Amino acid sequence: MLDVINVQFGYSKSADFNFSYKFDLNLPVVIHGPSGSGKSTFLNIISGLITPFSGSIKYEGQDFFELSPAERPLSILFQRGNLFDHISCFRNVEIGLNSKIDKEYSKNIIEEIFNHLGISPLLYKFPSEISGGQRKRVALARVIARAKCLSKKLLLLDEPFNGLDIHTKVHCIKILSDLQCNDHCKIIIISHDINDSASLGGIEVNLDDIRGV
């Protein structure tokens with residue numbers, strides 16, 4: 001359960017956003033809403049990248065506002081992927097892990113994830129050398145690696161399927177469904193595709209319901 005209680009935030013002194021919602025995360029949650037309505041802002045507040053004016057967020061009984069962003073048991077996929085162009089795709093994924101993790105263990109996990117996502121040939125390429133859809137899958141690999149290696153199993157995914165052809169998208173949806181079922185991950189997705197909740201066997205939530213509009 002993710003319980004968002006009267007979370008207020010604004011980019012000026014006014015509280016432009018007021019979020020309240022109880023998420024049952026036994027199934028993937030897909031959030032819909034028009035562009036500029038606050039979907040990405042909402043995920044950034046949960047992740048700790050934005051500090052709200054007031055309110056609380058509780059996940060499995062733990063108050064997120066008592067934890068730093070690094071301490072929260074989650075990983076976020078940004079809409080733009082946020083890959084570093086000066087390091088390899090493998091290193092982009094590895095950099096999201098704790099340096100104390102055994103290197104050989106994490107290497108095996110990352111290679112396995114790249115294989116499942118169909119991007120093994122990209123391991124040692126640079127992000128500037130690959131397509132937008134491939135970059136999206138590398139960013140998804142980073143999130144999955146954090147879930148498997150660090151138990152950061154609350155996945156916040158901002159438009160994870162942008163730039164993917166239908167075959168690749170279906171394959172990525174299958175991988176996320178397996179994470180939900182087999183690795184006990186909890187998944188919140190932002191998407192403009194109204195079919196994604198059905199494809200994932202998940203729950204559709206309109207941002208207006210979260211904002212109490």
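**Notebook: salt bridges and a buried strand**

Asp 178 forms a salt bridge with Lys 174, and I get 2.8 Å between the closest N and O atoms. I'm working from a predicted model here. Where do Asp 178 and Lys 174 lie? I found both in helix α5, which covers residues 166-182. They sit 4 residues apart, about one turn of the helix.

Next I looked up how open this pair is. Asp 178 has a relative accessible area of 28%, so I note it as partly exposed. Lys 174 comes out at 48%, so it also goes down as partly exposed. I jotted down a network too: salt bridges that share partners join Arg 91, Glu 94 and Lys 103.

That sent me to Arg 91 and Glu 94. Their side chains meet in a salt bridge, 3.0 Å from N to O. Both are in helix α2 (residues 89-94), and because they are 3 residues apart, about one helical turn separates them. Is Glu 94 buried or exposed? At 13% relative accessibility, Glu 94 counts as buried, since the cut-off for buried is under 20%. Arg 91, at 32%, is partly exposed.

How many salt bridges does the structure hold? I have 9 in my notes. One of them joins the side chains of Lys 22 and Asp 3, at 2.7 Å from N to O.

Lys 22 reaches 56%, so it counts as exposed, the cut-off being over 50%. Asp 3 has 14% and counts as buried.

Last entry: strand β6, residues 74-77. Which way do its side chains point? Leu 74 and Ile 76 point one way, while Ser 75 and Leu 77 point the other way. I noted every one of these four as buried. The pattern makes sense to me because in a regular strand the side chains alternate between the two faces of the sheet.

Then I looked for what β6 pairs with. I found 4 bridges joining β6 to strand β7 (residues 154-158), and the two strands run parallel. For Leu 74, the bridge partner in β7 is Leu 154. So Leu 74, which is buried, points the way Ile 76 does.

How values were computed: Residues numbered from 1 in each chain as written. Predicted model: local features only at pLDDT ≥ 70, side-chain atom pairs only at ≥ 80, totals over all residues. Heavy atoms only, no water. Buried < 20%, exposed > 50% of the residue type's maximum accessible area, 1.4 Å probe, protein only. Pairing = 2+ DSSP bridges. Salt bridge = Lys/Arg side-chain N within 4 Å of Asp/Glu carboxyl O.
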